[in-house]
Amino acid sequence: MAHDLKDVRFLTVAEVADMMRVSRMTVYRLVHSGELPAIRFGRSFRVPESAVEHLLQTATVREGHVADSA
């Protein structure tokens, strides 16, 4: 993340959900689990755009974790 706050762009949960094409609840789960850093302002969360980009770049799908129905 940027060290100077003027360079940080903060996104709302709805904006993050749109960007990631997931529900807002999924974003809240990521924030509460610590997988996605966020800052709380009152009752609202703001997520640094760089944190979303980092999560998307480093996220991987683990192969072999789908249960066989045999």
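**Close-up views of a predicted model**

**View 1. Helices α1 and α3 are roughly parallel to each other, a term that covers angles under 35 degrees.** In this predicted model, their axes, which are lines fitted to C-alpha atoms over the stretch in contact, come within 11 Å and cross at roughly 30°, on a scale from 0 to 180 degrees between N-to-C directions. Helices here are DSSP runs of H or I with at least four residues, and strands are runs of E with at least two, numbered from the N terminus. Val-16, Met-19 and Met-20 of α1 meet Glu-49, Val-52, Leu-55 and Leu-56 of α3, where contact means heavy atoms within 4.5 Å.

**View 2. The largest nonpolar core has 14 residues.** Such a core joins buried Ala, Val, Leu, Ile, Met, Phe, Trp, Tyr and Cys residues through side-chain atoms within 4.5 Å, buried meaning under 20% relative accessible area with a 1.4 Å probe, protein chains only. Val-16, Met-20, Val-27, Val-31, Leu-36, Val-47 and Val-52 touch the most other members. At least two residues each come from α1, α2, β3 (44-48) and α3 (49-58), and α1 gives the most, with four.

**View 3. Arg-21 lies in the loop between α1 (13-20) and α2 (24-33).** Although Arg-21 is not a glycine, its phi is positive, at about 60°, and the residue is exposed (over 50% relative accessible area), with a value of 78%.

**Notes.** Residues are numbered from 1 along each chain as its sequence is written, and side-chain values use heavy atoms, leaving out hydrogens and water.

Methods
This is a predicted model: local features need pLDDT of at least 70, side-chain atom pairs count only at pLDDT 80 or more; totals for chains, interfaces and linings use all residues. Angles under 35 degrees count as roughly parallel, over 145 as roughly antiparallel, 65 to 115 as roughly perpendicular and the rest as oblique.
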